[in-house]
Amino acid sequence: MTTQPDMELIQNILQFIGVFVSFSIAYVAYRGVRQTESSSLLRLATAFIFLGFGFLIEGLVGLGNLVVLPISTTEVVVGGLLLETTGYFFLAFSHVVDVLISKRLGAALLVFPVITLTSTQLADILSILSFYFVLYGVVETVYSYARTRKPNTLLIAMGLSLIGVGTFFQWLSLLYQYVGVLSLLQIILQEMGLLILFTPVLSFAVGGSKVNGTV
Amino acid sequence: MAQYRTQVRIIADVLTTAKDNNTEGTGVGVTTLLRKGNMSYARFSKLLSELVGSGLLVELDGDKISKYIISQKGIQFLNAYNAFEDFAQSFGLRL
C-alpha cells in the first residue's frame, strides 16, 4: 500500500520530469526563434518557460513539504499555479494568433472560457483557467491535424488532452482536498501528457544533426 | 482560401525558388523569383535587397539582367526552416 509520503515523493519526481520536458521544449523552440526569428516559436518557448518554472516551484514546494523546509507557503503554491496558468495561456494564445493571422474563424473560440466561477479561491480560478486554455489548445491542434495530417500533431493533441484532464483533476483536488488520489492522478496524467509533448523534441534531436551540421 | 504568409515563410519560398530553379547553375531571374514570391514588385525589390544584404542570396551580374543564386548560408537557413516548421506543426502552429 502506498503511504502518503511515498505518494508525495512520486508526485515530486513527476513534477521534476515535467520541469525537464518543459525546458527541453522551450530550448528547442528558442533555438528555432534564433534561427528563423519565428514569432510562433517565440510564443511556444515563452509558454514552456512559464510551465517549466511553474512545475519547478510546485516541485520545490512539494519537496519542502517532504523534508520540512520553510518554503511551503500558500503564496508560493499560488505563484507556481499562476506561472503554470500563464504558460497554458501562452499556448492557447499561440493558437489564437495563428487563427487570426490565417483569417479563419476558430471554431474553438466558441468553447473559450464560458463558465460561471462560483469559487473565489485564486488557486481554483487558476486551475480552471488552465483547463480552458489547454482545452482550446487541444481543439486547435486537432483542427491543425485535420489540415496537415501529421502524426506528430495528433500525438501532441493527445498529450494536451491528457494535460487537460490532469488540470481538471487538479481543480477537483483543490475542491476535494481529502481525496488524496486526485492530486496523484492529476500529476500522472499531466506528466504522461508532457512526455508525449516531448516526442517532437526527440524526433528533432534525432533529425537534428541535419540542422546542427549546417547551421 | 488564400493563406496568410508570415515574413519568414515568404523568405523561405523565395529561397526555395532560387534553389529549385537554378538547374543550370546560372542563377534565377527576378521574374521567376517574383512570380513565386507572389507579391508586389516594390515589396519584392526591398526583400531581394535584404536577402542579398544578409548573404542568403548572391547576386550574379549578367549581361542584361541580374540573376540570383542561393548561398550556402541560404541553404542552411532553408534546412533550419524546414526542421523548425516541422516542429511548430507538431504543436499545431505555423512558422
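From the N terminus on, the elements of chain A run α-α-α-α-α-α-α. This is a predicted model, in which local features need pLDDT of at least 70 and side-chain atom pairs count only at pLDDT 80 or more, whereas totals for chains, interfaces and linings use all residues. Residues are numbered from 1 along each chain as its sequence is written, and chains are lettered from A and ligands numbered from 1 in the order in which they are written.

Q: How many helices and strands does chain A have?
A: Chain A has 7 helices and 0 strands. Helices (H or I, at least four residues) and strands (E, at least two) are DSSP runs, numbered from the N terminus.

Q: What makes Gly74(B) buried?
A: A residue is buried if 20 or more other C-beta atoms lie within 10 Å of its own, exposed if 12 or fewer, and partly exposed in between, with C-beta atoms placed from the backbone. Gly74(B) has 24 C-beta neighbours inside 10 Å and therefore counts as buried. Its place is in helix 4 (residues 72-90) of chain B.

Q: Why is Glu37(A) called partly exposed, and where is Glu37(A) found?
A: Glu37(A) has 14 other C-beta atoms within 10 Å, so it is partly exposed. The residue is found in the loop between helix 1 (4-36) and helix 2 (39-67) of chain A. Its phi is positive, about 55°, although Glu37(A) is not a glycine. Most residues other than glycine have a negative phi.

Q: Does Arg149(A) count as buried or exposed, and why?
A: Arg149(A) counts as exposed because it has 9 C-beta neighbours inside 10 Å. It lies in the loop between helix 4 (122-148) and helix 5 of chain A. Phi of Arg149(A) is near 60°, a positive value in a residue other than glycine.

Q: Why are helix 5 and helix 6 of chain A called roughly antiparallel?
A: Helix 5 (residues 151-175) and helix 6 (residues 181-197) of chain A pack at an angle of about 160°, with their axes 7 Å apart. Axes are lines fitted to C-alpha atoms, for helices over the stretch in contact, and angles run from 0 to 180 degrees between N-to-C directions. Angles under 35 degrees count as roughly parallel, over 145 as roughly antiparallel, 65 to 115 as roughly perpendicular and the rest as oblique. Helix 5 and helix 6 of chain A are therefore roughly antiparallel to each other. The residues of their contact divide into 16 nonpolar, 8 polar and no charged. Here Ala, Val, Leu, Ile, Met, Phe, Trp, Tyr, Cys and Pro count as nonpolar, Asp, Glu, Lys and Arg as charged, and the others, Gly among them, as polar.

Q: What makes helix 1 of chain B oblique to helix 4 of chain B?
A: Helix 1 and helix 4 of chain B pack at an angle of about 125°, with their axes 10 Å apart. That angle makes helix 1 of chain B oblique to helix 4 of chain B. The residues of this contact divide into 7 nonpolar, 2 polar and 1 charged.

Q: Which residues of helix 1 and helix 4 of chain B meet?
A: Val8(B), Ala12(B), Leu15(B), Thr16(B) and Lys19(B) in helix 1 meet Gly74(B), Ile75(B), Phe77(B), Leu78(B) and Tyr81(B) in helix 4. Two residues are in contact if their C-beta atoms, placed from the backbone, lie within 7 Å. Leaving aside neighbours within four places in sequence, Gly74(B) is in contact with Leu15(B), Leu56(B) and Leu57(B).

Q: How do you know that strand 3 of chain B pairs with strand 1 and with strand 2?
A: Two strands pair if DSSP finds at least two bridges between them. Strand 1 is joined to strand 3 (residues 67-70) of chain B by 2 bridges, and strand 2 to strand 3 of chain B by 4 bridges. Tyr68(B) in strand 3 stands opposite Val28(B) and is also the bridge partner of Glu59(B).

Q: Why do strand 1 and strand 2 of chain B stand at the edges?
A: The 3 strands form an open antiparallel sheet in the order 1-3-2. Strand 1 (28-29) and strand 2 (57-60) of chain B each have a single partner strand, so one side of each is left without a neighbour in the sheet.
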